[in-house]
Amino acid sequence: MTALLSRNETLVAVVIALFCIVASLSDPNFFTVTTLSDLLRASIVLGILAVGAMLVLISGGIDVSFTAVAVSAMYIATKTALTFWPDMPWQLIFMLSILTGAGLGAINGLFIAGFGLPTLIVTLGTLSVFRGFLLTFVGSERISALPPEMREFSRMMIARGTTQGGDFYSLPWSLAALAGVIVLTAVILHKTMLGRSIFALGGSVESARRIGIDVRRTQFFVYVYAGALAGLAGILHGSMGRMADPFSLVGLELSVIAAVVLGGARLIGGYGTITGTLLGVGLIVLVQNSLIVIGIPSTWQSVTIGALILLGTGLPAWQAKRAAAREG
Amino acid sequence: MNLPETGALVDMRGVTKRYGGVTALEGVDFTVAPGQAVCLAGENGSGKSTLIKILAGVERPTEGEIRIGGKPMTGLDPRKAAAAGVMVIYQDFSLFPNLSVAENIAMSRDLNAGRRFFDRRAAQGTARAVLDRIGVDIPLKARLETLSVAHKQLVAICRALACEARLIIMDEPTTALTGREVRALLGIIRLLKDQGVAVVFVSHKLAEVLDVSEKVVVLRNGCKVAEGPANTFDAASLTRHMTGRDVPEISPGPYAGSGETLMKVDRLQKSGAFADVNFGLRRGEVLGVTGLLGSGRTSLAKALFGLVRPDTGSITVDGHPVPLGDPMAAAAARIGYVPEDRLTEGLFLAQSILRNVTVGRLGAHERIGFLDRPALENEAQGWLTRLKVKASSIAAPVQSLSGGNQQRVVLARWLARAPRVLILNGPSVGVDVGSKAEIHDIIRDLGAKGLGVIVISDDLPELIATCHRILVMKGGRMVDEIASGTVSEDELAQRLAS
C-alpha cells in the first residue's frame with residue numbers, strides 16, 4: 001500500500017483526478033467528450049516527444065535538443081516534398097521526417113556514445129546548432145501551403161461526430177501514431193535485451209560494461225531512437241497545425257522533460273515508466289489548456305507546473321530520506 | 001602443498017606485469033584447484049588486484065602463461081574469461097540498483113547466451129534455480145536497492161553461478177558485513193565448494209575466511225612471498241607476511257589522564273535510532289563505541305557531531321552545552337568528526353591534499369581579507385609530516401593516495417583545528433594492515449596528548465588496541481561497558497552478539 005502511495009504515477013493520477021473534479025464543479029461544460037478529444041489531440045505531439053525523452057532519461061542521460069530535432073526534421077521534410085515532389089504521399093513525407101530526425105539523433109549519439117561527452121552539454125550544443133542551421137540554411141519563413149497529402153492526412157479521422165448533447169468531437173489518425181509509439185517503445189523496453197540494457201545503463205554504466213553490455217551501441221541507439229520519435233512528432237505537429245513553422249516547438253523541451261520527471265523518471269537514470277510519462281503529459285496538457293477553467297489566470301501556468309514538479313519529485317525524495325534516517 | 005597440478009582449474013605461471021617502468025607483478029605462479037578456496041592476501045599496492053585483473057582478462061600480462069581448465073589462454077579478455085567460468089565479484093558488486101533481483105541474476109547469462117529478447121518468466125526461473133542452489137530466499141521481484149549489503153552480495157554470487165562459474169573471485173568480501181553475515185557467507189562458500197566451485201578471496205582482512213580456505217597465497221611488492229595450507233597461517237603470521245615486519249598491536253594500557261570530564265552526554269534520544277544514551281568522556285581518554293549494524297552506533301556518532309538532530313537530551317563539552325543538530329556549533333565547541341565513508345562524506349577527492357587539509361583553517365589564516373598562502377602550506381606540510389602521509393606533494397589530488405593515506409589527510413584536517421573531542425567513525429575501514437597499525441598509533445597518541453577520542457567501530461581488535469573503555473550498543477541502547485584489557489576479542493564478540 002505504501003509502495004503504491006509513494007509512486008509518482010499514483011500521485012500524478014490523484015492530482016489529475018482532483019483537477020478534473022474541481023474543473024467540472026466550476027464549469028459543467030468541462031467534463032464533455034469535446035474537452036476530452038481536445039486534450040487528447042493536444043497530448044499527441046507532447047506524448048511522443050516525452051516517450052523519447054523518457055528513454056534518454058532511463059539510459060542515464062538527458063536530451064534537450066529533441067525539439068530542435070523535431071522542428072528541423074518537419075521543416076526539412078516538408079520543404080523537400082514541396083521542392084521536388086509536391087504530391088509526395090504522406091507516408092513518404094513522414095518517413096523522410098523520421099529518418100531526418102534519426103540522422104540528427106545520430107549526431108547526438110556520435111558525440112555522446114562515440115566521444116563520451118556529457119549528454120547535457122552535447123544536446124545543449126546541438127539544440128542551438130540544429131535550430132540555427134535550420135533557420136540559416138533551410139529557411140525561416142512559415143509555410144502554410146503544405147503538400148496536399150499532408151493536409152489530407154490531417155483530415156483523416158478515426159472517429160468524428162456529434163454527441164446527442166450536441167458536443168462535437170474528432171479523433172485524428174495521429175492518435176494512432178502515439179499509440180504505435182507507445183506499443184513499440186514498451187516492447188523494446190520490456191521485451192528485448194536492448195531495452196533491459198538501457199535500464200542497466202541507467203542503473204550503473206560501470207556495472208553494465210563489466211557484464212558485457214555494449215555501452216556505446218546502446219547509447220547510440222537511444223539517441224537515434226529519440227531523434228526518430230522527434231522527427232515523427234515534428235511532422236505530426238506540422239500536419240495537425242496545417243503549417244510548417246520553423247519557429248515552433250523549440251522552447252517546449254523543458255515542459256516535456258517536466259512531464260517525464262513528474263511521471264517518475266529520475267534524472268540520475270535507470271527509472272521511468274511509460275504509464276508515468278503519459279500521466280505526466282496528461283497533467284501538463286491539462287494545466288496548459290484548462291487552468292483557466294478552474295479560475296486560475298493562464299499566467300499562472302508555469303508557476304503551477306513548477307509547483308507540481310517540486311511536489312511530484314520532492315515528495316518521494318523526502319519519503320526516501322525519512323526512511324533512510326529511520327534505519328541509521 | 002602437493003596439489004595435482006594437472007587437474008588445476010587455473011594455472012598461472014611466471015606472470016609478470018609492467019606498467020611503463022613500474023613492475024606490478026614479478027614472475028608470480030598461482031594455481032587454484034576445482035572446489036578449492038584460496039586466500040590471496042596482500043596490502044594495497046602488493047599486486048593482488050593486478051593478478052586478479054589479469055586472470056579476469058581485464059589486463060594483459062607482460063609475460064607468463066595462463067591455463068584455465070588445462071587450456072592455454074592467449075589474448076584473454078573479459079568475455080573469454082567469463083566463458084571459461086572465471087567470474088569476479090568486485091567490492092561494489094557491480095549490480096543494478098534499479099532492476100529486480102531476478103533480472104540482476106539472470107542478465108549476464110542472457111547476454112552471454114546472445115539473447116535478443118527478454119523473458120521475465122525465464123529470468124525468474126533462472127534466478128529461483130540458483131537461489132535454491134545456495135539455499136537462500138530473497139524475493140525475486142524486489143528492487144535490488146532495497147536489499148541489505150549482505151543480500152546484494154548473495155545476488156552477485158547468484159549472478160556468477162547463473163553464468164556457470166567454476167571460479168568466483170571475491171574482492172574484499174567481508175569488509176561491509178557484520179559478524180553474523182560473514183558466518184552466513186562462509187556457510188554458502190562451503191556449499192559452493194562441495195558443488196565443485198572454486199573461490200578466491202582477495203583481501204587484506206582475511207582472518208575471517210581462513211576457516212573455509214585450503215590455501216593462502218601472500219603477495220608483497222609484486223612478488224609471491226608466502227604460500228601454504230591455510231591451517232598453517234593465523235592473523236598474526238598473515239600480517240607479518242603482508243607487511244614484511246611484525247606489527248604487534250599493543251593495547252593502550254589503563255587510563256592515565258587527569259580524570260577530568262571533558263564531554264558529557266546526558267539522556268540523548270532519537271526515536272527510531274537510539275534512546276537514553278548517557279556517558280562521559282574524560283580528558284585523554286579513548287572511548288570505544290561498538291554494536292552490530294543497526295544498533296544505532298552510526299546515528300549516535302552523527303548525533304554527537306550534530307549531523308543527526310536528537311529529539312531530547314544534552315551534550316556538554318567542558319561544562320558548556322553544545323546545541324543539538326548543528327554541525328557548525330559542534331565544530332565551534334571543538335568537536336571533530338571523521339566520517340565512516342570518507343570518500344563521500346569526508347574528502348574533496350579531486351582536490352589537492354593542501355586544500356583538503358586546510359579547508360577548515362581558512363579563517364585562521366586570513367589577513368585583511370586575503371589568504372596567507374605560505375602559512376597555510378606550512379601548516380599543511382607540518383601535519384602531513386607528523387602523520388607520515390606518503391604523497392608526492394601537497395598539490396597532488398587526494399584521490400591519488402592510498403586508503404590509509406586518505407584517512408590521514410582527513411585526520412590532519414581535524415587535528416589542524418586543534419579539537420578537544422575527536423569522533424572517529426570506522427577509522428580504518430578500507431585501510432591496509434600496515435597503515436591501520438599506524439593509524440592506531442596516532443589514535444593512542446592523541447589520547448596521550450589529552451584529547452578525548454571516541455572510536456566508533458565494529459572492528460573489535462581495533463577497539464581493543466586503541467580504547468581505554470568500550471561501550472556496547474544494542475537496539476539503540478548502551479547495554480554494556482567494558483574496561484580495556486579485561487576482555488579478549490572472542491569475549492567481546494560474544495557480549496556483542498548476546
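Mentor: Let us begin with helix H5 of chain A, residues 90–114, whose 25 residues should span 36 Å at 1.5 Å a residue, and whose end C-alpha atoms lie 34 Å apart, which agrees. Please keep in mind throughout that this is a predicted model.

Trainee: Turning to chain B, what is the order of the strands in the open sheet?

Mentor: The sheet has 4 strands, arranged as E2-E1-E4-E5 in chain B, and the pairing is antiparallel. Strand E2 (22–32) and strand E5 (71–72) of chain B are at the edges, and each has a single partner strand, so one side of each is left without a neighbour in the sheet.

Trainee: How many bridges join E4(B) to E5(B), and which residue stands opposite Pro72(B)?

Mentor: Strand E4 of chain B, residues 63–68, is joined to E5(B) by 2 bridges, with the two strands running antiparallel. The residue opposite Pro72(B), which belongs to E5(B), is Arg67(B).

Trainee: Which strands does helix H1 of chain B lie across?

Mentor: Helix H1 of chain B, residues 48–55, lies across E1 (10–19), E2 and E4 of chain B, and its direction makes an angle of about 120° with E1(B).

Trainee: How is chain B divided into domains, and which helix gives the most to the side of domain 1 that touches domain 2?

Mentor: Domain 1 of chain B covers 5–243 and domain 2 covers 261–497, and their C-alpha centres are 34 Å apart. Their contact draws 10 residues from domain 1 of chain B and 11 residues from domain 2 of chain B. On the domain 1 side, helix H7 of chain B, residues 235–243, gives the most, with 3 residues, and that side divides into 1 nonpolar, 8 polar and 1 charged residues.

Trainee: How many residues does each chain give to the contact between chain A and chain B?

Mentor: Chain A gives 20 residues and chain B gives 23 residues. On the side of chain A, the elements giving two or more residues are helix H9 (193–203) and helix H10 (205–210) of chain A, and H9(A) provides the largest share, 7 residues. By class, that side of chain A has 6 nonpolar, 9 polar and 5 charged residues.

Technical notes
Residues are numbered from 1 along each chain as its sequence is written. Chains are lettered from A and ligands numbered from 1 in the order in which they are written. This is a predicted model: local features need pLDDT of at least 70, side-chain atom pairs count only at pLDDT 80 or more; totals for chains, interfaces and linings use all residues. Domain bounds come from an automatic or database domain assignment. Two residues are in contact if their C-beta atoms, placed from the backbone, lie within 7 Å. Ala, Val, Leu, Ile, Met, Phe, Trp, Tyr, Cys and Pro count as nonpolar, Asp, Glu, Lys and Arg as charged, and the others, Gly among them, as polar. The expected span of a helix is 1.5 Å times one less than its number of residues. Two strands pair if DSSP finds at least two bridges between them. Axes are lines fitted to C-alpha atoms, for helices over the stretch in contact, and angles run from 0 to 180 degrees between N-to-C directions.
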